[in-house]
Amino acid sequence: MRSSLIELTVNDEEREFLVPPGTTLLNALRDQLGLTATKRGCEQGTCGTCTCLLDGDAVMSCLVPVETVQGAQVKTLEGVTRADGSLAPLQQAFLDCFATQCGFCTAGMIMAAEALLERNPDPSREDVIRAISGNVCRCTGYESIVAAILDAAARR
Amino acid sequence: MSLAVHTPDSVAGVLAALGDGGVLIAGGTHVMPRLNTQASDITSLVSLRRAGLAGVEMVDDATVRIGAATTLTQVGNAPALAFLRPALDAIASPTIRNLATVGGNLFVPQPYGDLAVCLLALDAKAELADGRTVGIADAEGLVTAIRFAIPREWRFRKAMRRRLNSASIVTVAAVLDVPRIALGGVARTPVRARHAEAAFAQGAEAAAHAALQDIDPFDDAYASAWYRRRVVPVHVRRALLGEEA
């Protein structure tokens with residue numbers, strides 16, 4: 001089966017690349033574009049660590065065949081980091097609030113939070129819990145993550 | 001794995017690709033987990049993403065039509081469908097609802113498919129690509145849209161293991177003024193609770209007990225059949241009375 005040419009705007013940059021048929025958005029980001037902040041976890045849409053923004057919406061990138069989203073805008077954790085390499089307020093808040101332990105869920109958590117804060121700059125605690133309800137963390141007990149997202153909202 | 005992925009830009013294109021042996025994929029929240037993690041003989045996926053089937057419109061003052069590829073998030077954002085928000089919020093997580101579609105929800109196995117339970121209670125009709133319009137329970141092939149009348153007295157309740165992002169132990173959806181009652185989590189498909197509907201004239205308590213004749217529950221990781229049977233009357237009664245959790 002022939003590879004397909006994919007065109008996406010990833011983190012505000014136009015990218016063209018070839019993928020084998022059936023490649024997920026997750027694998028395209030990691031394997032074709034080298035954007036490995038987005039993590040491969042359960043590949044069933046259960047863990048949320050592959051969360052990135054697709055045309056502004058937080059989605060599980062393991063569930064999206066990349067050939068079905070030609071021309072889309074994609075944002076990953078790499079695109080949250082500022083152009084000069086410094087941390088965005090959301091990332092800094094995760095650091096300051098000890099919201100990261102092993103780190104495996106962090107990219108997905110931040111992207112779910114990014115989608116929330118773009119639509120709702122002043123979320124309630126309940127809004128935050130809802131926004132990350134598809135993202136599993138086995139270390140922190142979530143409390144520090146919720147605190148970090150609320151803290152980031154206050155900083156932004 | 002050798003997998004062709006088609007993204008036709010019309011219903012005719014979708015049908016043509018399906019005719020060549022393709023498997024339909026809308027949001028991908030049900031198809032992709034299987035594809036990613038299990039051996040599969042699927043050789044072709046046919047995506048609805050560009051087929052023009054997304055959107056919510058009012059057909060008249062009281063009737064709404066939802067394109068089959070409309071996401072659950074889009075459904076929840078439609079002002080006329082605000083009554084469905086509690087049900088939608090109880091389905092998976094926002095990251096799944098941004099992908100999962102109305103049409104897809106009709107075909108996921110129980111104990112998933114809470115929106116399908118709602119649609120059954122709403123006596124929704126499915127418009128099929130072959131031109132037929134059928135009841136929700138008879139939907140097959142390519143569904144292009146769902147339509148139903150906005151209810152006057154709506155009830156919804158879902159018992160789950162966690163407050164968010166968990167499948168159904170018991171789901172109850174009801175249009176009281178008819179009455180029409182549908183149950184989820186209690187059989188292999190969503191069920192119309194005909195016995196409960198008939199008994200509702202004698203009150204919520206009578207309907208709640210009659211609902212036991214409507215169910216055929218199963219064991220799964222969320223609850224045992226025994227437990228589901230035990231709590232069905234409780235949740236049916238609370239739903240019909242509009243009691244808070």
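I began with A:Asp55, which at 45% relative accessibility counts as partly exposed; for this label I used a relative accessible area between 20% and 50%, with buried under 20% and exposed over 50% (1.4 Å probe, protein chains only). A:Asp55 sits in the loop between S3 and S4 of chain A, and its phi is positive, about 50 degrees, although it is not a glycine.

Before going on I noted that this is a predicted model, in which local features need pLDDT of at least 70 and side-chain atom pairs count only at pLDDT 80 or more, while totals for chains, interfaces and linings use all residues. Residues are numbered from 1 along each chain as its sequence is written, chains are lettered from A and ligands numbered from 1 in the order in which they are written, and side-chain values use heavy atoms, with hydrogens and water left out.

I then looked up A:Asp12, which lies in the loop between strand S1 (4-10) and strand S2 (13-19) of chain A; strands here are DSSP runs of E with at least two residues, and helices are runs of H or I with at least four, numbered from the N terminus. A:Asp12 also has a positive phi, about 70 degrees, without being a glycine, and it counts as exposed at 73% relative accessibility. Most residues other than glycine have a negative phi, and most peptide bonds are trans.

With that in mind I checked the prolines of chain B. The bond joining B:Gln110 and B:Pro111 is cis, with omega about 15 degrees, and B:Pro111 is in the loop between H6 and H7. A cis bond also runs from B:Val178 to B:Pro179, with omega near -10 degrees, and B:Pro179 is in the loop between strand S10 (170-175) and strand S11 (180-184).

Next I turned to B:Arg157 in strand S9 (residues 154-159) of chain B. Which side chain of opposite charge is nearest to B:Arg157? I found B:Glu243, 6.2 Å away, and B:Arg157 is buried yet has no salt bridge, the rule being a side-chain nitrogen of Lys or Arg within 4 Å of a carboxyl oxygen of Asp or Glu; Lys and Arg count as positive, Asp and Glu as negative, and His and the chain ends are not counted. The side chain of B:Arg157 does reach the backbone oxygen of B:Glu243 at 3.2 Å.

Last, I looked across the interface of chain A and chain B, where the rule finds two salt bridges. The side chains of B:Arg163 and A:Glu126 meet in a salt bridge at 3.2 Å, N to O.

Definitions and conventions: A polar contact is a pair of N or O atoms within 3.5 Å; within protein, one must be able to donate a hydrogen and the other to accept it, and residues adjacent in sequence count only if both atoms are side-chain atoms.
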